[in-house]
Amino acid sequence: MPQAPPDSQDASLPAEPARRPQLGFVYTPPFRVQGLSIAGEESVVAVPELDVCFDIGSCPKAVLPSPFVALTHGHMDHVAGIAYYFSQRPFQGMSAGTVVCPPSLRDGLDGLMKAWQKIERQKTPYTLTPLADGEMLEIKNNHFLRPFRTVHTVPSSGYSVLEKRTKLKPKLVGMPQEEIVRRKNAGEAIVDTRFVPLVSYTGDTGWGDHLLIPEVLECRVLITECTFMERGHRRRAGVGKHLHLDHIVELVEQVGDETDVILTHLSRRTHMNDARKALAGAIPADKLDRVHLLMDSRTNRERFAQQQAQAVA
Ligand SMILES: [Zn+2]
Ligand SMILES: [Zn+2]
């Protein structure tokens, strides 16, 4: 006998499918930091102002405009969307994207894209650029991507975006323009060049001195992981080569006063309410407003509303 269509009041109706998770978003002027990051599931964090997306997760549509993707290591939850990224960019009318990766990942990723050619019977354009720790790649005018060493259960690197700034050498300041030009033409270096770290992303990493480097401690925005927060999970963090809240407390003590710290990769088992409380209990009150959980949409939304109100005022 055909069944009557279910009544909308019927308590036996099935649940609607889960909505797509909303992208986490923290605005740390002048940078937007947006993405998804839950340990083991997906990590993808884009900084649109710098044309770069760190890791690619399952490639949510919002990160497609990023012309560069910088992969930290080969775990699936950080890399899975790579073929989709390469394929969707031209499909959406954008130029082919470039994926930067640790040299150890290059062959595997190349094989993956070649396998897709066989499956799809079409050639998706792709550019893989292996970059060793300490090497630099210009990703936009005067802005360079540079990997640094991290320690995880597989080969891994973090990344910094550095801005190249030049300044006339102090001894030349005040000198007549013609004299400076004459010296320049004679081959004398007339400027001092320095690279200023703007944004750094550690990806998955265990704790150690490798994190206590200028690009991590002195950048404007530090995006790092905090997989574990519960007391007693510190050992677990050590075994999986991840960070625990205790490590973040140490890190926050050492970063510059101008540095915002954005935490990613929190375990799904930690409820956001508990994470918020744990953070507030662990980070000194005067630093708390500079430490953010990427996926804490409630707090981040409130904060952004305040930023908007201040911008209007
Ligand atoms: Zn991970
Ligand atoms: Zn990992």
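Analyst: Donors are N, O and S atoms within 2.8 Å of the metal; water is not among the atoms, so sites may look incomplete. This model is predicted.

User: Which residue bridges the zinc ion (ligand 1) and the zinc ion (ligand 2)?
Analyst: Compare the two donor sets. The zinc ion (ligand 1) is held by His 78 (NE2), Asp 204 (OD) and His 265 (NE2), at 2.1 Å. The zinc ion (ligand 2) takes His 73 (NE2), His 75 (ND1), His 152 (NE2) and Asp 204 (OD), at 2.2 to 2.3 Å. The two ions lie 3.4 Å apart, and the bridging residue is Asp 204.

User: What is the geometry of the site of the zinc ion (ligand 2)?
Analyst: Four donors count as tetrahedral if all angles lie between 85 and 135 degrees. Here the angles among the four donor atoms run from 91 to 167 degrees. The site of the zinc ion (ligand 2) is therefore classed as irregular.

User: Is His 75 buried, partly exposed or exposed?
Analyst: Buried means under 20% relative accessible area, and exposed means over 50%. Asp 204 has 2% and counts as buried. His 265 is buried too. His 75 has 27%, so His 75 is partly exposed.

User: Which residues touch the most other members of the largest nonpolar core?
Analyst: That core has 45 residues. Ile 223 touches several residues beyond four places in sequence, including Val 33, Val 45, Val 47, Phe 54, Val 199 and Ile 262. Another core, of 22 residues, lies apart, with Cys 226, Ile 248, Ile 283 and Leu 293 among its members. In the largest core, the residues with the most such partners are Phe 54 and Ile 223.

User: Which residue of β2 is the bridge partner of Phe 25?
Analyst: β1 and β2 (residues 31-38) run antiparallel and are joined by five bridges. A hairpin of two residues connects the strands. Within β2, the partner of Phe 25 is Gln 34.

User: Which side chain makes a polar contact with Asp 296?
Analyst: Asp 296 lies in the loop between β14 (291-293) and α10 (297-312). Its relative accessible area is 3%, so Asp 296 is buried. Beyond four places in sequence, Asp 296 is in contact with Met 272 and Arg 276. At 2.8 Å, the polar partner is Arg 276.

User: Which elements cover the buried residues of α2?
Analyst: The buried residues in α2 (residues 82-91) are Ile 82, Ala 83, Tyr 85, Phe 86, Gln 88 and Arg 89. After α2 comes Gly 93, with a positive phi near 85 degrees. The covering elements include β5, α1, β6 (98-101), α3 (106-120) and β7 (127-130).

User: Which residues does Thr 129 touch beyond four places in sequence?
Analyst: Thr 129 is in strand β7. Its relative accessibility is 19%, so Thr 129 counts as buried. The residues touched are Thr 98, Val 99, Val 100, Cys 101 and Leu 137.

User: What share of the chain's residues count as buried?
Analyst: The chain has 10 helices and 14 strands. Its C-alpha atoms fill a box of roughly 100 × 55 × 45 Å along the principal axes. Of contacts between residues at least 6 apart in sequence, 56% join residues at least 24 apart. Among the 313 residues, the buried share is 43%.

How values were computed: Residues are numbered from 1 along each chain as its sequence is written. Chains are lettered from A and ligands numbered from 1 in the order in which they are written. This is a predicted model: local features need pLDDT of at least 70, side-chain atom pairs count only at pLDDT 80 or more; totals for chains, interfaces and linings use all residues. Side-chain values use heavy atoms; hydrogens and water are left out. Donors are N, O and S atoms within 2.8 Å of the metal (3.2 Å for Na, K and Ca); water is not among the atoms, so sites may look incomplete. Four donors count as tetrahedral if all angles lie between 85 and 135 degrees; four count as square planar and six as octahedral if opposite donors are over 155 degrees apart and all others between 65 and 115; anything else is irregular. Buried means under 20% relative accessible area, exposed over 50%, partly exposed in between (1.4 Å probe, protein chains only). A nonpolar core is a set of buried Ala, Val, Leu, Ile, Met, Phe, Trp, Tyr and Cys residues joined through side-chain atoms within 4.5 Å. Contact means heavy atoms within 4.5 Å. Two strands pair if DSSP finds at least two bridges between them. Helices (H or I, at least four residues) and strands (E, at least two) are DSSP runs, numbered from the N terminus. A polar contact is a pair of N or O atoms within 3.5 Å; within protein, one must be able to donate a hydrogen and the other to accept it, and residues adjacent in sequence count only if both atoms are side-chain atoms.
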